[in-house]
Amino acid sequence: MNKEKFLLVMPDYSDFPQLFLDNLKSTGFEPFLITDKVSKFRYKGLESIKNFFIKNILRNKEYKQNLVKHHFLEELECNLSAIEGQLDYILVIRSDNFPVSFIKKLKTKTSKLIAYQWDGIEKFPEVKKYFDLFDTFFCFEEVENQDNIKPITNFYFDHLPPFYKKYNTENPKLYFVGLYWKSREAKIDTFIDKVSGFNVDLSIFIQYFTEPEKRNSKIIYITNRITFEDNLEFVTNSDILLDFVDPLHNGLSIRFFEALYYKKKVITDNIMVKNYDFYHPDNIFVIENDNYKNIEQFLAKSYRELPDEIVKKYGFSNWIREIIQ
């Protein structure tokens, strides 16, 4: 029996592309991959001389920019042409990272062109121009007045074996990793201040691109992204995952689903989690109305086991079947 051909198009983001490929393969597809990583642009013929003249004499920098964009598109189309025959499904993640003309070209290779926006729509509003290019456009937040857009949650990769560690009620390990956003700096600092008096082991990593205006001595600041593999090691060795919601997001981050799979508790300021079937107050503490003093009682409670059918519902295998229906 021939396997269904599945092309994944996504940014070359850490080790995520390989994780998707491996999970697609374990779910029964024949997977292919195209990322936004292409060969380095190099001038051809007299382009370098022409660019020098246009940039320095005419004060126009667009000539080289257009050459780079053309090279990017050419490489993408070349990678697509290397895949023989028609594809059963094409999934594009963060479509705004790719030229519109390339998305249209993808449509000629499949009868099912799907998008998934794993970041908030308002965080990258350029993606709104791409909505109508797809048969179905999925995102983890509600979008009104758009017929082909459907909400779907994030997920955990279920081809990876789950590792469980008994919850430590005496000295739980709290873990967070995320990008530096000025908008959530104050609430992370507040959280650290509020829980520092409790018997906890804090591991908070913040990746920044420009030097933060001020530093918190209890935060580990990093410039290189933690890979998914390294992050998973931190997750499995932790007791509680921390989640500080991005104000431009209107859904749940992947942390909740990792916590579900690896049986970790969560402390979050995202009140939306209370609407989900996996929410239990013994496992998920929601920061609201300055209720920090109640965290100590939450820390002392053991992890509450959840039904298997709820956990499996949010695995990648179920997620991918849902978006291709």
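**Ground rules.** I am working with a predicted model, where local features need pLDDT of at least 70, side-chain atom pairs count only at pLDDT 80 or more, and totals for chains, interfaces and linings use all residues. Residues are numbered from 1 along each chain as its sequence is written, and side-chain values use heavy atoms, with hydrogens and water left out.

**Overall.** I found ten helices and twelve strands in the protein; these are DSSP runs numbered from the N terminus, helices being H or I with at least four residues and strands E with at least two. Along the principal axes, the C-alpha atoms fill a box of roughly 70 × 55 × 35 Å. I then looked up burial: 47% of the 325 residues are buried. Buried means under 20% relative accessible area, exposed means over 50%, and partly exposed lies in between (1.4 Å probe, protein chains only).

I also looked at contacts, meaning heavy atoms within 4.5 Å. Among those in the protein with a separation of 6 or more, 66% join residues 24 or more positions apart.

**Helix α1.** I picked residues 16–27, a helix of twelve residues. From its first C-alpha to its last, α1 reaches 16 Å, close to the 16 Å expected at 1.5 Å a residue; the expected span is 1.5 Å times one less than the number of residues. Which residues of α1 are buried? I noted F16, P17, L19, F20, L21, N23, L24 and T27. The buried residues of α1 pack against β1 (5–10), β2 (30–35), β3 (89–93), α6 (228–237) and α10 (316–324). After α1 comes G28, with a positive phi near 115 degrees.

**Cores.** In soluble globular proteins, nonpolar side chains tend to be buried together. A nonpolar core is a set of buried Ala, Val, Leu, Ile, Met, Phe, Trp, Tyr and Cys residues joined through side-chain atoms within 4.5 Å. The largest one here has 75 residues, of which F20, L91, Y116, F191, I267 and F278 touch the most other members. Helix α7 (residues 254–262) gives the most to this core, with six residues. Apart from it lies another core, of 25 residues, including F102, V127, F137 and C139.

**Cysteines.** C139 is buried, at 0% relative accessible area, whereas C78 is partly exposed, at 49%. How many disulfides does a search of the whole structure find? I wrote down zero, a disulfide being a pair of cysteine sulfur atoms within 2.5 Å.
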